[in-house]
Number of protein chains: 2
Amino acid sequence: MARNKYPEETVNLILDVAFRLFMEKGYEHTSIQDIIDHLGGLSKGAIYHHFKSKEDILYAVMGRMTAESNLRLKEICDRTDLNGKEKLKTLFRLSLDRPVMEDVFTVSPNVYNNPRFLSSFLHEAVEESAPDYILPIIRQGIADGSITTEYPEQLAQLISLLANIWINPIIFEDSREETYRKFVIFDQVLKGLGLNIVDQEMLERMCDLSSIHQNNN
Amino acid sequence: MARNKYPEETVNLILDVAFRLFMEKGYEHTSIQDIIDHLGGLSKGAIYHHFKSKEDILYAVMGRMTAESNLRLKEICDRTDLNGKEKLKTLFRLSLDRPVMEDVFTVSPNVYNNPRFLSSFLHEAVEESAPDYILPIIRQGIADGSITTEYPEQLAQLISLLANIWINPIIFEDSREETYRKFVIFDQVLKGLGLNIVDQEMLERMCDLSSIHQNNN
């Protein structure tokens, strides 16, 4: 295959192939060369023109996987049928329930022992999830009286770090049982802050995702 | 100076010089060459024989700074005049009050934007602080009835991550005000878990340490 004249198509092709290989062989067992071998003649140079490393390809694969469902998560903010606390609960539920999560938990490699991945997840929790998704909802909750806090920014960051990092089985490689226990304590913490927003169904979904990740790593 | 026949003395000399330079110029503005220049003739090879990088020297400097006071923190476990909850409070208070903390907060570089440092702090919180310091005290608290939890390992990990990572101004480069707000929410979380273990004095100490770190970075 000759080098594609349309860079977006080339990028999508690389991500399609990388995604399939990460799903089949796992991220750790897929090399850049494997990806090239499945690109029908695209050169190594063409890949490196778009991506600096296999890690960069993974970020792009994950980004593309969640981009569409992230848009839908942001729309929760605009709903008029829910108060702030209900929106926060809906954010969690929909975030866990999106079908793409099975794939995310399948392709995601070991994060805890990779400083660059770990740092990247942490930055995302602090710089995106907290201010873009959780904080606007907390502010609405304060305005409508369903959430009480003096410090919405810090509360949003705390919730984001616990939900996206601490109880996330992708990060800590937790077993199903460890995920269960963390989730129970997460629920206690939230309730102590007046936030009764997680339920048994979410707990089970999180444990199922943990099992999917464990079976693929 | 000829290469030291006693490796321990060489290591201590390197750490003495590095510590002084980190304090004076800051970690970021100190190069390996600066350290060599102050070692009176010790060769670059001699340094690299003991340390792989400037980062490794920093870990060793920090390790040596806290080693002695860490031993004293561990002794809290053996006290017979306190119940578990009181021991946890004493652990926090003594941990913050040790005089070495001023130096730790002075030499510590930017952690949030350095994936290796960030990962190293996180691993220490999960693999050392939680199981070695906090967990034994929680178990005692469960036994004497002063702490209630079904999942001591996960509770210890949560407390360690919040105390050592989230409210730690070294990690997030928080201002005094941000540190104050995080600490207030940290206190709410602990109280929600039945742990009334931080007080106004600790809050002020944490804010002071945050100011020391900010003034040196």
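**Figure 1. Glu173(B), a partly exposed residue in a loop.** In this predicted model, Glu173(B) has 15 other C-beta atoms within 10 Å, so it counts as partly exposed. You'll find Glu173(B) in the loop that runs between α9 and α10 of chain B. For context, most residues other than glycine have a negative phi.

**Figure 2. Glu173(A), in the loop between α9 and α10 of chain A.** Is Glu173(A) buried or partly exposed? There are 15 C-beta neighbours inside 10 Å of Glu173(A), which means that it counts as partly exposed.

**Figure 3. Helix α11 of chain B, with a buried side and an exposed one.** This helix takes in residues 200–215 of chain B, 16 residues altogether. At 1.5 Å a residue it should span 22 Å, and the C-alpha atoms at its ends sit 23 Å apart, so the two values agree. Which residues of α11(B) are buried? They are Met206(B), Leu209(B), Ser210(B) and His213(B). These four cover an arc of only 105° around the axis, so they sit on the same side of α11(B).

**Figure 4. What covers the buried residues of α11(B).** Here the view takes in the surroundings of that helix. The cover over the buried residues of α11(B) includes α5 (84–97) and α6 (100–107) of chain B. Also part of that cover are α9 (169–172) and α10 (176–192) of chain B.

**Figure 5. Where chain A meets chain B.** How many residues take part in this contact? Chain A brings 20 residues, and they are in contact with 20 residues of chain B. On the chain A side, the elements giving two or more residues are α7 (115–144), α8 (152–166) and α10 (176–192). The largest share, eight residues, comes from α10(A). Sorted by class, the chain A side has twelve nonpolar, four polar and four charged residues.

**Figure 6. Inside the largest nonpolar core.** This core has 80 residues. Which of them touch the most other members? From chain A they are Phe121(A), Leu162(A) and Val189(A), and from chain B they are Phe121(B), Leu162(B) and Val189(B). Zoom in on Phe121(B): leaving aside neighbours within four places in sequence, Phe121(B) is in contact with Val111(B), Ile165(B) and Ile171(B).

**Figure 7. The two domains of chain A.** Domain 1 covers residues 1–51 of chain A, and domain 2 covers 66–215. Their centres, taken over C-alpha atoms, are 31 Å apart. Five residues from domain 1 and four residues from domain 2 make the contact. The side of domain 1 that touches domain 2 has four nonpolar residues, one charged residue and no polar ones.

**Figure 8. Chain A, from end to end.** Chain A has eleven helices and zero strands. Its C-alpha trace spans about 60 × 35 × 25 Å along the principal axes. Of the 217 residues in chain A, 36% are buried. Among the contacts in chain A with a separation of 6 or more, 68% join residues 24 or more positions apart.

Terms used
Residues are numbered from 1 along each chain as its sequence is written. Chains are lettered from A and ligands numbered from 1 in the order in which they are written. This is a predicted model: local features need pLDDT of at least 70, side-chain atom pairs count only at pLDDT 80 or more; totals for chains, interfaces and linings use all residues. The expected span of a helix is 1.5 Å times one less than its number of residues. A residue is buried if 20 or more other C-beta atoms lie within 10 Å of its own, exposed if 12 or fewer, and partly exposed in between; C-beta atoms are placed from the backbone. The arc is that of the directions from the helix axis to the C-beta atoms. Two residues are in contact if their C-beta atoms, placed from the backbone, lie within 7 Å. Domain bounds come from an automatic or database domain assignment. Ala, Val, Leu, Ile, Met, Phe, Trp, Tyr, Cys and Pro count as nonpolar, Asp, Glu, Lys and Arg as charged, and the others, Gly among them, as polar. A nonpolar core is a set of buried Ala, Val, Leu, Ile, Met, Phe, Trp, Tyr and Cys residues joined through C-beta atoms within 7 Å.
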